[in-house]
Amino acid sequence: MPDFRKEIKSKRTISLSRLSVILPAVAGVMLFVLLVFLGVTANFEIQQSRMDDGLVTVGEVSCREVENAEAPIGVIKEYTFTIDEGLERDTYLSFYTVHQYAEVYIDGQLVYSMKPSGKLFTKTIGSNWSMVPLCREDAGKEIRVNIIPVYESFRNSEVQFLVGSRLNDFLDRLRQDWPQLLLSVMALLVGILFLCAAVYKIIWERSDGGLVGLGLFSVMMGLWRLTDTRFTPFLTPEKPVLMFYISVAMLMIGTVPLMKSMEARFHKTSHRILDGYCIAAAVVCIVQLLFQIVGTVDLRENLTIIHLMIGFSVAVFVGNVIYDRIKYPKSQYSSVSPGLSLILVAGVVEDAIAFYVRGTSSGLLFSLLGLLIYIILTGVKMMFHYIRQQKQLAEQERVLAENERQLAEKERQLTENRISTMISQIRPHFIYNTLGSIEQLCELQPEAAAKLVHNFSCYLRGNFSELDNHVPIHLSKEIEHVRYYVSIEQVRFPDMEIRFNLQSGDFLLPALSVQPLVENAIKHGLMKLPEGGTVTVSSYETDTHYCVSVEDNGAGFDPSILLDERKHIGLRNIRGRVEAMCGGTLTVESTPEVGTKVVISIPKGVKE
């Protein structure tokens, strides 16, 4: 009877599984609608009597270049201006510098200075926001700001001066940089997700399939863009140098994990090129670091070399994609999608062009957006590929388990056949008749009785040993068992003749496969004759098989009666064991009043 409780439990499990997807989806849609509603409606009103002037850009600013031998590149940029408006209350003068020192003088008095502490091994102090408090009495006073470039490439960089509160500076920069910040955080989260998935795969499969490289690349690209915004100095005002070097380091070595992640999706012919690039990038990085450590050249001064290495990585990437598509156009190999490659390359090229036109990479989103699209889509593709592999592995395990089950079933059937064959050979009447013959010979022919006892014990030993025999035996051993059996029967039926015509070599076949056929020939063939009869046991070979035949000139029978194997368990067992253990066949030919011939054929591959 079907187990209705299990069926109900299974349906309940399916329903819970569906609910666990449907309910969160409904909740997500409701939250999305709520957020959209809140975003397009005015939820509260603020009234205030004092107005915030916000940020004011200083308009009239004079600038001149002054030579100074103590400056890093020998010049100082002097900016001079006055602030007459916007100082009705205390506020701040703010300006953003990139690889520049700064000094602020009010009426000739130094009120602010930003320079290296003397402990750095590098000339730059990174990118910074200078926030100089201004009092109301500073209105109308001359303000002089000295901007000291560290590198020649920043000699003509423009500086914009703003007047306003610190909060307004913070919010204004956040409004301008939030797209880059958001994409950077997304890249970090996606990278962490892929790294967690990679750790899981490594633990359970000893292989990550390229997810480690892709995850590291995503994290490094997120850190690069996160530390390269004008908003970041507000968060880390005391670590501007660290932020700059994090950004540069991610650029220098970030392409290496990307290349390593591709190896799992390219053919092996591309691996050497990818490995070669990784080695070259590492060597260039080490050399640049050594120059930085000894104080010869700063990393910022080698930025062109870093960009060239990135361009080289793009060329290697595109070249491998093209080569893979041309060399293996119809391959099912999980290669890189040309569409994703185009998105990635286009983003990097756009950012490179914009950087050399503007002179800064802050706010550039082409490469980050392209990288993020590539990382997400590639990672999702790898995840689906992993899930598909898991399903295939589960299916293979299921098939293997089924094969093992079938093999176990065949082993069980073979064991049953062996036991059945052994039991069928030890019939009580045969034992009684043999013991009766021994009793008679003991009085008349003691030596013949002793020989019969020996043959009978050998015959029984051969039958009992079949219980532990799981492999085929040599023909010679099986013929030896046949001879023991024949010698016993010839004591009772001396007019019966057994001939052996063994012409082939010694090959393997199941134990107790020939002896039962000889016994059938005697019992069902010769014993139905008035007297005499002959059984011939022959072995021979063809081009493909070894053969054993048992032929008698007895009563014979109609072969159609063999169609019902339920009535011929002995033949069925022998045929099953021959097929299972040796891949052979058993055929029966019989003609009434002429005789019967049974042939066992063993393929020549089953030979020791």
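Analyst: Happy to! A salt bridge here is a side-chain nitrogen of Lys or Arg within 4 Å of a carboxyl oxygen of Asp or Glu. The model is predicted, so local features need pLDDT of at least 70 and side-chain atom pairs count only at pLDDT 80 or more, while totals for chains, interfaces and linings use all residues. Residues are numbered from 1 along each chain as its sequence is written, and side-chain values use heavy atoms, leaving out hydrogens and water.

By this rule there are 15 salt bridges. Let's begin with Glu-402 and Arg-405, whose closest N and O atoms are 2.6 Å apart. Both sit in helix H10 (residues 366-425), 3 residues apart, about one turn of the helix. In general, an α-helix has 3.6 residues a turn, so residues three or four places apart point the same way. Helices (H or I, at least four residues) and strands (E, at least two) are DSSP runs, numbered from the N terminus.

Other pairs reach across the chain. Arg-64 bridges to Glu-78, with 2.9 Å between the closest N and O atoms. Arg-64 belongs to strand E2 (residues 62-67) and Glu-78 to strand E3 (residues 75-82), so the pair ties together parts 14 residues apart in sequence. Buried means under 20% relative accessible area, exposed over 50%, and partly exposed in between (1.4 Å probe, protein chains only). Arg-64 is exposed at 52%, whereas Glu-78 is buried at 11%. These two also join Arg-144 in a network of salt bridges.
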